[in-house]
Amino acid sequence: MASSFSSQTSSEDTPRFMSILSGEWMDLPVDSRHGKCRSVSDFEKLSRVGEGTYGIVYRARDRRTNYIVALKKMRMEKEKNGIPISGLREINILLNLRHTNIVEMSEVVVGRSLESIFLVMEYCEQDLASLLDNMSAPFTEAQVKCIMIQLLKALRYLHENFILHRDLKVSNLLMTDKGCVKIADFGLARKYAFPEQPMTPRVVTLWYRAPELLLGSKTQTTALDMWSAGCIFGELLAHKPLLPGRSEIHQLEMTIELFGTPSEAIWPGFNDLPGMKDITLKKQPYNNVRHTFPWLTDAGIRLLNYLFMYDPEKRASAEDALDSSYFKEQPYPCEPEFMPSFPHHRLKTQRRDKKEHDFGRKIRSC
């Protein structure tokens, strides 16, 4: 059995592979290099629809089944030792996930070169970032509830299966022409276990990044995804990004302006976070969520505050949020099939993408 983690080229320019069983280098016949993977030539590329954290995405037609799919080409430009670990994580995670509200990956296909690897995924007609930027009228509150319920169900499933997405944002939420919302782009996703292992805090797009990450915590729990879900909730309600910081410091300032200054009293361990050694936070004692959303019901305000608890251990879980009375009061959540959609074309989000690029954010995913 050969591994693509390590490869080299012989004097005859024939790629060689190191066996993961024996550790020895071996030649691999040309007709065996694809293994059991289909060739990308089995698919007809129809259009380029976007770029994800770790790859370019195309709309394509499976020539065998005639189905329309999304082909995500993995970025391999700088890789000398096979598939990057981030790509392997994404493949491993997606192949083992099956949920209505999570984009489904069906297989891996390959091109002519060893660096040409594609993920075959279900195709969704649009993403929420496109809709937010191009809708003639904003989402109604009933539609916002429909979106949030689907997002929270997907998060409940991920967290029950010990998976952190670590990059939730509106451009990573896809929607089918039937109104089904699906989480996509698992390039930064990680499995977690107990005891928790340290991870890099530089994950999650800045506008959706939890305060514990901004302050350098290497302990990552499901709470970081829940903070991002709160940012998405607020963005859908406000019809604009809730905390569009220009830098990590500015992001902290905007967070404090909206929720008040955290302290050791409400967030045990706060003073020991690495970031607290280098900065002094502005004293702002007020929670301004009610002022930001004066029309929202008490149940809606409670849910927002629960999702934005500073202490990760006290922050709402997906199950907690789904149990909120907000989803049980009028206006009731609409059914997915009544969500607005644009089935005949995919909208572009050039303005939003430029902002994300200018502020150091990752390019949006299809």
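Trainee: How many helices and strands does the protein have?

Mentor: There are 10 helices and 14 strands in this predicted model.

Trainee: And what share of the residues counts as buried?

Mentor: Of the 366 residues, 52% are counted as buried. The protein has an accessible surface of about 17800 Å², and carbon and sulfur atoms contribute 52% of that surface.

Trainee: What part of the contacts links residues 24 or more positions apart?

Mentor: Among contacts with a separation of 6 or more, such pairs account for 63%.

Trainee: Let us turn to α5. Where is it, and how many residues does it have?

Mentor: Helix α5 covers residues 223-238. It has 16 residues and spans 22 Å from its first C-alpha to its last, close to the 22 Å expected at 1.5 Å a residue. Just after α5, H239 has a positive phi of about 65 degrees.

Trainee: Why is α5 described as largely enclosed?

Mentor: The description applies because 15 of the 16 residues of α5 are buried, so the rest of the structure largely encloses this helix.

Trainee: What about α5 and α8; at what angle do they pack?

Mentor: Helices α5 and α8 pack at about 145 degrees, and their axes are 8 Å apart. The α5 residues in this contact are M226, W227, G230, F233, G234 and L237, while α8 supplies G300, L303, L304 and L307. The contact of α5 with α8 consists of seven nonpolar and three polar residues, with no charged ones.

Trainee: Which residues of α8 are buried, and what covers them?

Mentor: Helix α8 takes in residues 298-307, and its buried residues are A299, G300, I301, L303, L304 and L307. Their cover includes α5, along with α7 (289-292) and α9 (318-322).

Trainee: Moving to α6, what is its reach?

Mentor: Helix α6 runs over residues 248-259, which is 12 residues, and reaches 16 Å from first C-alpha to last, close to the expected 16 Å. Just after α6, G260 takes a positive phi of about 90 degrees.

Trainee: Which of its residues are buried, and under what?

Mentor: The buried residues of α6 are H250, Q251, L252, T255, I256, L258 and F259. Among the elements covering them are α4 (211-214), α5 and α7.

Trainee: One last topic: where is P336?

Mentor: P336 sits in the loop between α9 and α10, the latter being residues 350-358.

Trainee: Why does P336 count as partly exposed?

Mentor: Its relative accessible area is 23%, and partly exposed residues lie between the 20% limit for buried and the 50% limit for exposed.

Trainee: What does P336 contact beyond its neighbours within four places in sequence?

Mentor: P336 is then in contact with C146, Q150, K178, G179 and C180. P336 and C146 are 190 residues apart in sequence, yet their C-alpha atoms are 6.6 Å apart in space.

Definitions and conventions. Residues numbered from 1 in each chain as written. Predicted model: local features only at pLDDT ≥ 70, side-chain atom pairs only at ≥ 80, totals over all residues. Heavy atoms only, no water. Buried < 20%, exposed > 50% of the residue type's maximum accessible area, 1.4 Å probe, protein only. Helix = DSSP H or I, 4+ residues; strand = E, 2+ residues; numbered from the N terminus. Contact = heavy atoms within 4.5 Å. Areas by Shrake-Rupley, 256 points an atom, 1.4 Å probe, with all protein chains shown as cover. Expected span 1.5 Å × (residues − 1). Axes fitted to C-alpha atoms, helices over the stretch in contact; angles between N-to-C directions. Nonpolar A, V, L, I, M, F, W, Y, C, P; charged D, E, K, R; others polar.
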